[in-house]
Amino acid sequence: MSIQIYIDGKFYAKENAKISVFDHGLLYGDGVFEGIRSYDSCIFKLEEHLDRLWESAHTLMIEIPMSKAEMQKAIIQTLKRNGFTDSYIRCIVTRGVGDLGLDPSLCKVPTVIIITDKIKLYPEAFYVNGLNIITVPTVRNLPEAVNPSIKSLNYLNNILAKIEAKNSGCVEALMLNHQGYVAECTGDNIFMVKYQQGSAAKAELLTPPTYLGALKGITRQGIIEIAAKQKLRFEERVMTRHDLFNADEVFLTGTAAEVIPVVKIDGRVIGSGKPGAVTQKLLKGFREIVRKDGIRYSI
Ligand code: PMP
């Protein structure tokens, strides 16, 4: 049986789940979304994801036509319909159906879509061997233009960077901001680890502040909290490629990726060239909370 998709309070089989060609989500990328994950019938950090969805919508002056509690109920309903205990959940809210002009006030009701699907895991080799990433020429959107903290449907900035990475044989791109500081990757935040006196036991964990041009990742925040529990020193720090090249470990975080080690950037080997001890300990800590730190449901 094909999966059931939620659109504006009704369920449709995947083949029949359609929206209007006049929807401004399609015409202008005018809308917001979230990518969420459920593990063993626990929706990881659902409240945090809904808070971010509402914040993105608020900045764009899109009024989501339901409460967070109603959205939570609709997500659980969609998961139950499809019988998913482990799922990737995509919530989308568009400006709604308007006409061919830009004017958002012509769109009367935002469209709400919830897609749940089997989670496509990254190949195990990414975690075992680490990624080789490359800095791309496309810089991250200026916070003064379209702030990267808004998780909007307009992902062209990231898509251009992804194309450039793939053209160079890499699966992820390192994106700098317009001043040349490290921002994030196309779909993941970035962290580096610096050993003190050559010892992983005395390491420091660093990530760029999001004001430089990055999404406030939910996984990023989870890792910061785990680092505190593991008594790992942590700081948000403005960093350049030079800092990353000289890191002992680098890794990426995201809902789908969880924690993925990076072993090469722009042809430079990072640290030992293998996934590091601090990265692995943080990934282990992260996997221990994903079945606990969220909203539970039953099929
Ligand atoms: N940065 C970007 C640009 C993203 O699209 C994402 C989500 N895939 C992330 C970072 C990671 O955010 P999260 O941990 O909330 O999934």
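1. Start with Arg52. One of its polar side-chain atoms lies 2.9 Å from an oxygen atom of the ligand. Bear in mind that this is a predicted model.

2. For Thr219, the distance from a side-chain N or O atom to a ligand oxygen is 2.6 Å. For Lys151, a polar side-chain atom stands 3.3 Å from an oxygen atom of the ligand. On its own the ligand has 390 Å² of accessible area, and the protein covers 91% of that.

3. Next, the shell. The ligand is surrounded by 17 residues. Tyr155, Glu184, Ile218, Thr219 and Thr255 are the closest of them.

4. By class, the shell around the ligand holds 9 polar residues, 5 charged and 3 nonpolar. Two elements each supply at least two residues of this shell: α6, spanning 218-229, and β13.

5. Where does the ligand sit? The space it takes is the largest pocket. That pocket contains about 1000 Å³ of space. Its lining draws two or more residues from each of β3 (31-39), β5 (87-94), β6 (111-117), α5 (156-167), β9 (182-185), α6 and β13.

6. The pocket lining runs to 48 residues. Those nearest the pocket centre are Tyr88, Arg90, Lys151, Tyr155 and Gly187.

7. What is the make-up of the pocket lining by residue class? The lining divides into 21 nonpolar, 15 polar and 12 charged residues. For the shell around the ligand, the corresponding entries are 3 nonpolar, 9 polar and 5 charged.

8. The structure holds 1 cavity of 30 Å³ or more. The largest cavity has about 40 Å³ of space. Its lining consists of Asp248, Glu249, Val250, Pro261, Val262, Val263, Ile270, Lys274, Pro275, Gly276 and Thr279.

9. Which element gives the largest share of that cavity lining? β14 does, with 3 residues. Both β14 (258-265) and β13 (249-254) supply at least two residues each. The cavity lining comprises 6 nonpolar, 3 charged and 2 polar residues.

10. β13 deserves a cross-check when viewing the model. This strand supplies at least two residues to the cavity lining. It also supplies at least two to the shell around the ligand, and two or more to the lining of the largest pocket.

Terms used
Residues are numbered from 1 along each chain as its sequence is written. This is a predicted model: local features need pLDDT of at least 70, side-chain atom pairs count only at pLDDT 80 or more; totals for chains, interfaces and linings use all residues. Side-chain values use heavy atoms; hydrogens and water are left out. On a 1 Å grid over the protein atoms alone, a cavity is a set of points where a 1.4 Å probe fits but cannot get out, and a pocket is an open set with protein on both sides within 12 Å along at least five of seven lines; lining residues have an atom within 4 Å of a point. Grid points are joined across faces, edges and corners, and a volume is the space filled by probe spheres set on the points. Helices (H or I, at least four residues) and strands (E, at least two) are DSSP runs, numbered from the N terminus. Ala, Val, Leu, Ile, Met, Phe, Trp, Tyr, Cys and Pro count as nonpolar, Asp, Glu, Lys and Arg as charged, and the others, Gly among them, as polar. A residue is near a molecule or strand if one of its heavy atoms lies within 4 Å of it. A polar contact is a pair of N or O atoms within 3.5 Å; within protein, one must be able to donate a hydrogen and the other to accept it, and residues adjacent in sequence count only if both atoms are side-chain atoms. Accessible areas come from the Shrake-Rupley method with a 1.4 Å probe; for residues, only the protein chains shown count as cover. A molecule sits in a cavity or pocket if more than half of its atoms lie within 2 Å of its grid points.
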